[in-house]
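Please read the following briefing alongside the sequence and the coordinates. The points are grouped by topic.

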Amino acid sequence: MNKYPIQKSEAEWKEQLTEEEYRVLRQKGTERPFTGKYNLHVDDGQYTCMACSTPLFLSDNKFDSGCGWPSFDESIEGRIEYIRDTSHGMIRTEILCASCGSHIGHVFDDGPTESGQRYCVNSVSINFNKK
Ligand SMILES: [Zn+2]
């Protein structure tokens with residue numbers, strides 16, 4: 001068992017998610033840049049965790065960072081867990097859904113807006129609910 005409010009076995013996640021979603025969300029994969037369906041998506045609404053439907057980001061905080069993944073300058077308070085990630089020879093901050101522990105992406109402190117944050121998110125990790 002883990003600490004997350006939403007508990008599922010890896011077999012249950014595998015059944016619920018597509019192969020690509022499982023690879024990214026549960027095995028900390030990364031989708032190829034400029035391929036995600038929400039990269040250039042600009043509608044008003046909120047973005048939820050693809051695995052457990054918890055709202056994570058608002059469209060108001062989305063911006064075009066040019067990096068090839070959906071980017072946000074803030075997350076919805078309390079919905080994201082931050083973990084130091086030293087994989088691939090880099091020191092980064094991994095972001096997880098605080099409700100189910102699924103991998104969402106990384107956050108960097110080189111954002112162009114007032115928050116200074118750039119949440120770099122996999123499209124397959126999120127779902128969109130139109131306002
Ligand atoms: Zn989740």
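This is a predicted model: local features need pLDDT of at least 70, side-chain atom pairs count only at pLDDT 80 or more; totals for chains, interfaces and linings use all residues.

A residue is called buried when its relative accessible area is under 20%, exposed when that value is over 50%, and partly exposed in between. On this scale C120, at 10% relative accessibility, counts as buried.

**Zinc site**

- The zinc ion is coordinated by the SG atoms of four cysteines, namely C49, C52, C97 and C100, at 2.3 Å.
- Along the sequence these donor residues follow the spacing C-x2-C-x44-C-x2-C.
- The angles subtended by the four donor atoms around the zinc ion run from 103 to 112°, and the arrangement is therefore tetrahedral. For comparison, the ideal angle for four tetrahedral donors is 109.5 degrees.
- Both C97 and C100 are buried, and for C100 the relative accessible area is 2%.

- How many disulfides does the structure hold? The number is zero.

**An open sheet of three strands**

- Three strands, in the order β2-β1-β9, form an open sheet with antiparallel pairing.
- The edges of this sheet are taken by β2 (55-58) and β9 (126-130), each of which has a single partner strand, so that one side of each is left without a neighbour in the sheet.
- On average, and with direction ignored, neighbouring strands of the sheet are turned by 30° against each other.
- Strand β1, which covers residues 45-49, pairs with β2 in the antiparallel sense over three bridges, and Q46 stands opposite L58 in β2.

**Salt bridges**

- The structure holds seven salt bridges, and the pairs described here include E81 with K3, R26 with E10 and K28 with E94.
- In the pair of E81 and K3, the side chains meet at 2.4 Å, N to O. Because E81 lies in strand β5 and K3 in the segment before α1 (10-16), the pair ties together parts that are 78 residues apart in sequence. E81 is buried, with a relative accessible area of 15%, whereas K3 is exposed, with a value of 62%.
- The side chains of R26 and E10 meet at 3.2 Å, N to O. R26 counts as buried at 19% relative accessibility, while E10 is partly exposed at 35%.
- In the pair of K28 and E94, the closest N and O atoms are 2.9 Å apart. This pair links distant parts of the chain, with K28 in the loop between α2 and β1 and E94 in strand β6 (residues 92-97), 66 residues apart. K28 is partly exposed, with a relative accessible area of 48%, and E94 is buried, with 4%.

**A glycine in a loop**

- G78 has its place in the loop between β4 (71-72) and β5 (80-85).
- Is G78 buried or exposed? With a relative accessible area of 64%, G78 is exposed.
- Although G78 and S99 are 21 residues apart along the chain, their C-alpha atoms are separated by 9.6 Å.

Technical notes
Residues are numbered from 1 along each chain as its sequence is written. Side-chain values use heavy atoms; hydrogens and water are left out. Two strands pair if DSSP finds at least two bridges between them. Helices (H or I, at least four residues) and strands (E, at least two) are DSSP runs, numbered from the N terminus. Axes are lines fitted to C-alpha atoms, for helices over the stretch in contact, and angles run from 0 to 180 degrees between N-to-C directions. Donors are N, O and S atoms within 2.8 Å of the metal (3.2 Å for Na, K and Ca); water is not among the atoms, so sites may look incomplete. Four donors count as tetrahedral if all angles lie between 85 and 135 degrees; four count as square planar and six as octahedral if opposite donors are over 155 degrees apart and all others between 65 and 115; anything else is irregular. Buried means under 20% relative accessible area, exposed over 50%, partly exposed in between (1.4 Å probe, protein chains only). A disulfide is a pair of cysteine sulfur atoms within 2.5 Å. A salt bridge is a side-chain nitrogen of Lys or Arg within 4 Å of a carboxyl oxygen of Asp or Glu.
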